[in-house]
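Dear colleague,

My notes on it follow directly.

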Amino acid sequence: MPIDDVVLNFSPGSLVILNVVLAVIILGIALEVRPSDFRTVLRSPKAVVLGIAAQYLLLPAVTVGIALALQVPASIALGMILVACCPPGGISNVLTHRAHGDVALSASMTAVSNLVAIIVMPLNVAFWAALSPSTASLMRDFSLDRGGMLIQVLLIIGVPFAVGMPLARRFPGITDRFRPWVQRIGLIALLAFILAGTASNLEPLREHLGTIFLVVLLHDAIALAVGYWSAAAVRLDEASRRAVTFEVGARNTGLGLGLTLTFFSGLGGMAMVAAWWGIWDILAGLLLAAWWRRRDARRAAAAGEPREAAL
């Protein structure tokens, strides 16, 4: 069966569970946001503006070009565009820390980018999808409800921020203690949902798994490269480049999966791109962070610096 004709079956109850899981993940991000993160935006406006532009303009534009160049099926192309328009996930801050990047910059970009996504994301998906004839045709088939998408993104992102930020400001000790658990539970629940959903719909997707794997591998690598080299182009320092790399490369694809199931009837190519991205970008990010750490350690050793300076 062509991938564009495959539809994944999820019950209404499972969609409610997924939306709750996504809200928990965003709550974990919101509990980490401090007023100082927004002051970082004022201190480093060039880095933050560059990061947001790379996420919401440059990456979607490059994604459309990749999809056209590879001539992937329309549902896969639309899934790639949807992923590229998603805000960054909280894992970007963890990856930045592990890579010796600028964690304060990463946290501020994650907060600002998620808030920007509430308004920008529905418009961005519609705009970039309209540039390719195949994805534009799919968008017409599903008659995307931009208002409905805006409301869902607002509920999944806006409400957790509205709850989490005041809690973190009022009860910093308690929220600092519980935040790691909220983040872990949300991530584990999302991975479990993805794996269970994939397993229950595996048969119609089996012949397309290789294509999905290769497309996501290439797309994710290019997203990381877009982040790093766009930061290098405006002469940000190395720590900031690494932060921007993961802000652009680590997308909140759980949100993309939820929107696919809600507004695109679980279209197989879209859902599988979003689901596999959610797993692969963590693996790829950890590998890149580990490579950077090893390179820093080798350079520190060559310079005769203490080992602790590179770890």
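His219 touches Leu59, Thr63, Ile66, Met80, Ala84 and Trp277, leaving aside residues up to four places away in sequence; contact here means heavy atoms within 4.5 Å. His219 is found in helix H11, and with a relative accessible area of 2% it is buried (buried is under 20% relative accessible area, exposed over 50%, and partly exposed in between, with a 1.4 Å probe and protein chains only). Helices (H or I, at least four residues) are DSSP runs, numbered from the N terminus.

Please note that this is a predicted model, in which local features need pLDDT of at least 70 and side-chain atom pairs count only at pLDDT 80 or more, while totals for chains, interfaces and linings use all residues. Residues are numbered from 1 along each chain as its sequence is written, and side-chain values use heavy atoms, with hydrogens and water left out.

Gly79, in helix H4 (residues 74-85), is likewise buried, at a relative accessible area of 2%. Its contacts, not counting residues up to four places away in sequence, are Met270 and Val273. Gly79 and Val273 are 194 residues apart in sequence, yet their C-alpha atoms are 5.7 Å apart in space.

Turning to the aromatic residues, the structure holds 7 aromatic pairs. Rings of Phe, Tyr and Trp (its six-membered ring) pair if their centres lie within 6.5 Å; planes under 30 degrees apart count as stacked, over 60 as edge-to-face and the rest as tilted. Phe213 and Trp280 have ring centres 5.9 Å apart and planes at 65°, so this pair is edge-to-face. The pair links distant parts of the chain, 67 residues apart: Phe213 belongs to helix H11 (residues 209-233) and Trp280 to helix H14 (residues 268-302). Phe213 is partly exposed, at 33% relative accessible area, whereas Trp280 counts as buried at 17%. Trp280 also pairs with Trp276: the ring centres are 6.2 Å apart and the planes at 25°, so the pair is stacked. Trp276 and Trp280 are separated by about one helical turn, because they are 4 residues apart in helix H14. Trp276 is partly exposed, with a relative accessible area of 22%. One aromatic cluster is formed by Tyr228, Trp229, Phe246 and Trp292.

As for helix packing, helix H8 (residues 146-170) and helix H13 (residues 253-263) pack at an angle of about 140°, with their axes 11 Å apart. Axes are lines fitted to C-alpha atoms, for helices over the stretch in contact, and angles run from 0 to 180 degrees between N-to-C directions. On the H8 side the contact is made by Gly148, Met149, Gln152, Val153, Ile156 and Ile157, and on the H13 side by Leu255, Gly258, Leu259, Thr262 and Phe263.

Finally, the unreviewed UniProt entry lists several spans under "transmembrane region", including residues 15-35 and 248-268; UniProt positions are given in the numbering used here, feature names are shortened, and annotations may be inferred rather than shown by experiment. In the model, residues 15-35 are 81% helix and 0% strand (strands being DSSP runs of E, at least two residues), with the end C-alpha atoms 33 Å apart. Residues 248-268 are 67% helix and 0% strand, and their end C-alpha atoms lie 25 Å apart.

Yours sincerely
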